[in-house]
Structures are given as C-alpha cells and as structure tokens.
Amino acid sequence: MGNDDKPKPDFAAGLKALAMPMTSAEQVTDSSDYGKTPSLGNVVVPTEITVKVLNDIVDKYIDKFVKRFPKLIMQVHFTSNGQPPTPPDLWDAEAEKPVSGRFLKVGNEYRIGTNNDLILPAQLMTFFHEYGHAVYKREANEAIDNSHALIRTETAALLSSLRLSEEEGLPEIAYLSVYGARQAALTDPIYQAAIKNVEADPLWQKYSEQPSD
Ligand SMILES: [Zn+2]
C-alpha cells in the first residue's frame, strides 16, 4: 500500500498560536487566568466550548460516521502531541512531530489524533478538520501520495471544518478554521492551494473576514 494511508499531519506551523496559554504549574500565578484564551489576532474565541461540549460533538460525529460506513471504526484520541497511536508499519519521521492533529487509516480503523494542549475551540476545529480527511479518504478512496491528492484532501478537510461549524451553529469555530488555514498557508503551498480551491465557496466567503464591532 506504500504510504497512501499517511496524509501529512496538520497545522504544525500554526500550532503555537493556538496552544493553551499555560503549560506548566509554575506559570499559574492567578487562578483567574484559567478560561482565558490567548490572543489569536482578530479571531474571537468562544468561551462556551467546554470539555463536555467537545466530547458530545465528537461522539455525535463518530456515530454519524459509523452509521454511514458500518464496516469502519472511528477512534478519536486526544494526545499531548496531536498524533494518534501509530502502528510500527506506519511509523515515520512525521509521527514524532507535535501537530494540531492527524488522521491515520489503520486498516478499517479511521484514527484521528487531536492535540489536547490546544485551547478547546481549537481542539474542536482540529477534530472537524481531521474528520474531513477521514470522510474524504473513504469517499475518494485514492492514494494520498502526491501533491494533487494532498491538495484535494486538504480542501475537503478545510470545507469540513467550515461546514460542521456552520451545522453546529458555532461561527467562532469557522473563523478559527479560516485563521488556522491561513497560518498554515504562510509556510505550506498545499494549504495555499486548498484555500484557493475554497475561495469561491459561500462558507469560506461568509467566514473569511470576521465582522468587527
Ligand atoms: Zn489537513
């Protein structure tokens, strides 16, 4: 099968901007800092995303996925580096990098990794994105082993993050998705091409610029 089941990990470049504001106990000087979010440029990050909201949405989409594709299994792992558990035969240099998330097909098991160091809205955005890779893998059933296929799957993932945000009534997550894609596109031509592909999409246009008030 070669490496066709190993699309590259996502958003390594933009990761820092979406990381939790505090990562070690020493940095906690005031408990009121909890719940605050780091500055994300103009992106307003919602505060209503709790762990429960995140888990409920993830469970709902896992359920949708396996109802649609009954022969498949979907597992979502929240890990400290964003990588899902990677079996030895799929292991590569990419598997050690901290990333926001990654989709990996392991036989009939569709694994999604999500970095639990990210703020909760970014974890949800990452899940919506990786879910798009999973659905694309099943629908297109093509090897993701060249830049054209990579662009197609990134385009699908970007649209997925916008559509699911819209479906869930969470525009803030859609804005975050646009922000994340633009951050990644600063250094990655694959994301640049994916953004070009969705520029005419009504959802991209809707969330492309956050209204200022
Ligand atoms: Zn992606």
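Which residue in β3 does Phe-103 stand opposite? Ile-112. Keep that pair in mind while we go through the sheet and then a helix contact. One caution before that: this is a predicted model.

The sheet, then. The sheet is open, with three strands, in the order β1-β3-β2. Its pairing is mixed. β1 covers 73-79, and β2 covers 101-106. Both stand at the edges, and each has a single partner strand, so one side of each has no neighbour in the sheet. On average, neighbouring strands are turned by 20 degrees against each other, direction ignored.

Back to our opening pair. β3 takes in residues 109-115. β2 and β3 run antiparallel, joined by six bridges.

What packs on this sheet? Helix α2, residues 120-140. Helix α2 touches β1, β2 and β3. Its direction makes about 160 degrees with that of β3.

Next, the helix pair. Helix α3 spans residues 147-167, and helix α5 spans residues 189-198. Their axes come within 8 Å. They cross at roughly 55 degrees. α3 and α5 are therefore oblique to each other. The crossing of α3 past α5 is right-handed.

Who makes the contact? From α3: Ser-147, Leu-150, Ile-151, Glu-154, Thr-155, Leu-158 and Leu-159. From α5: Ile-190, Tyr-191, Ala-193, Ala-194, Asn-197 and Val-198. By class, the contact of α3 with α5 has nine nonpolar residues, three polar and one charged.

Definitions and conventions: Residues are numbered from 1 along each chain as its sequence is written. This is a predicted model: local features need pLDDT of at least 70, side-chain atom pairs count only at pLDDT 80 or more; totals for chains, interfaces and linings use all residues. Two strands pair if DSSP finds at least two bridges between them. Helices (H or I, at least four residues) and strands (E, at least two) are DSSP runs, numbered from the N terminus. Axes are lines fitted to C-alpha atoms, for helices over the stretch in contact, and angles run from 0 to 180 degrees between N-to-C directions. Two residues are in contact if their C-beta atoms, placed from the backbone, lie within 7 Å. Angles under 35 degrees count as roughly parallel, over 145 as roughly antiparallel, 65 to 115 as roughly perpendicular and the rest as oblique. A crossing is left-handed if the near helix is turned anticlockwise from the far one by less than a right angle, and right-handed if clockwise. Ala, Val, Leu, Ile, Met, Phe, Trp, Tyr, Cys and Pro count as nonpolar, Asp, Glu, Lys and Arg as charged, and the others, Gly among them, as polar.
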